[in-house]
Amino acid sequence: MSFPLSAEQRARFDEDGFLALPGLLTKEEVATIIDVADSAHAQGLREGHGGAERTVHDYDIAAVNPTLWEFGAHERILDAVESLIGPDIQIHHSKMAWTPDAVGKGGVRWHQDFAFLPHSNTSLVSAFIYLDDTTVENGAMRVVRGSHKEGLLDHTDGNGIFLAHCQESRMWADESRIAAIEVPAGSVSIHHCLALHSSGPNHAGRPRRGLIFQYRAADAVQLGGVVFQDTGRTVRGSFPGRARCEAVSFNLPFNVWPGETDRNFGTYDRLLGDEVRRRGLNPVPAAVAG
Ligand SMILES: O=C(O)CCC(=O)C(=O)O
């Protein structure tokens, strides 16, 4: 059986740039994911990334875990995603999102996902599976309604250096535009790749855990940012062997995430050939390359 979004849900997504789908997963499914989230492997990753102090995103989590790999192809999630980006769907990445239980810790600054993962079109959505009842008190995600219609906002220092968070504070100055996604465990929220969003710190001292899959239409071809282990996994339909381009111009992310030398986070470098790099012909602005 398939569970596409209703016309009303699609219209709300088009208007707001996000949608909450309460109760999409069963209690048993949530418990299965929590088992992985609480495993020694996941805890080790979290600790390694400073998870006692800040919200951490452990990427590639589904690529290395067969149980989570299956959740990337969850039928009901894909039905909703298909209603938004069409029948040919790939994963761009998976990650476990973990806000520490400690009061006052955690949070994610305002950003648009597309700034991190520019593609030839904007048919990309992120699906956040909630493992805990989530409210503003324990660090719910907040979205600026309608911001996905305003194009890619500035995430740089003005000299081409990618700062990984949006610099245009006017965008979140009007509180009436901000919606907090407050949902029970087992819900899924889906947001557009240009929806401006952030998360608050944990004020409640109870967990706020999630599993996130970033999906893309199979004809969205990546132009910059990180290629993950599960990038390009087809989860529904097929790869059309074609790129669809939207007529837009935007800055590509240039830099290496501080302290994460293994990840080349947000760098353009891996799109260049060895010989171009060797000869120093790469176009990365000097301030960034140095
Ligand atoms: O973990 C969070 O609260 C935010 C997740 C997020 O912003 C993202 O995946 O882009």
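# Exercises on a predicted model

Strand 10 is mostly covered, with 10 of its 10 residues buried. Here a residue is buried if 20 or more other C-beta atoms lie within 10 Å of its own, exposed if 12 or fewer, and partly exposed in between, with C-beta atoms placed from the backbone. Strands (E, at least two residues) and helices (H or I, at least four) are DSSP runs, numbered from the N terminus.

This is a predicted model: local features need pLDDT of at least 70, side-chain atom pairs count only at pLDDT 80 or more, and totals for chains, interfaces and linings use all residues. Residues are numbered from 1 along each chain as its sequence is written.

## Exercise 1: strand 10

Sort the residues of strand 10 by the way they point, and find the strands that pair with strand 10.

Step 1. Start with a general rule. In a regular strand the side chains alternate between the two faces of the sheet.

Step 2. Apply it. R208, G210, I212, Q214 and R216 point one way from strand 10. R209, L211, F213, Y215 and A217 point the other way. All are buried.

Step 3. Look for pairing. Two strands pair if DSSP finds at least two bridges between them. Strand 3 and strand 10 run antiparallel and are joined by 10 bridges. Strand 5 also pairs with strand 10 in the antiparallel sense, over seven bridges.

Step 4. Pick out single positions. S94 stands opposite F213 of strand 10. The bridge partner of T99 in strand 10 is R208. I129 stands opposite L211 in strand 10.

## Exercise 2: strand 3

How many residues of strand 3 are buried?

Step 1. Count the buried residues. They number 10 of the 11 in strand 3.

Step 2. Take the four bridges. Strand 2 (residues 56-59) and strand 3 pair in the antiparallel sense over them. V56 stands opposite W98 in strand 3.

Step 3. Take the three bridges. They join strand 3 and strand 11 (residues 233-236), again antiparallel. Q90 stands opposite T234 in strand 11.

## Exercise 3: the open sheet

Why is one side of strand 4 and of strand 7 left without a neighbour in the sheet?

Step 1. Write down the order. The open sheet of four strands reads 4-9-6-7, with antiparallel pairing.

Step 2. Go to the edges. Strand 4 (108-111) and strand 7 (178-180) stand there, each with a single partner strand, so one side of each has no neighbour in the sheet.

Step 3. From one strand to the next, the twist averages 20 degrees. Axes are lines fitted to C-alpha atoms, for helices over the stretch in contact, and angles run from 0 to 180 degrees between N-to-C directions.

Step 4. Look at one pair. Strand 6 (residues 141-144) and strand 9 (residues 197-199) are antiparallel, with three bridges. The bridge partner of R142 in strand 9 is S198.

## Exercise 4: helix 2

Step 1. List the buried residues. V30, I33 and A37 are buried in helix 2.

Step 2. Find the cover. Contact means that the C-beta atoms of two residues, placed from the backbone, lie within 7 Å. The cover over the buried residues of helix 2 includes helix 3 (40-48), helix 4 (66-71), strand 3 (89-99), strand 5 (124-130) and strand 10 (208-217).

## Exercise 5: G17

Where is G17 found, and which residues does G17 touch?

Step 1. Locate G17. The loop between helix 1 (7-16) and strand 1 (18-21) holds G17.

Step 2. Check burial. G17 is buried, with 26 other C-beta atoms within 10 Å.

Step 3. List the contacts. Leaving out residues up to four places away in sequence, G17 touches V143, R145, G146, S147, H148, H191, H192 and A195.

Step 4. Compare sequence and space. G17 and V144 are 127 residues apart in sequence and 8.4 Å apart in space, C-alpha to C-alpha.
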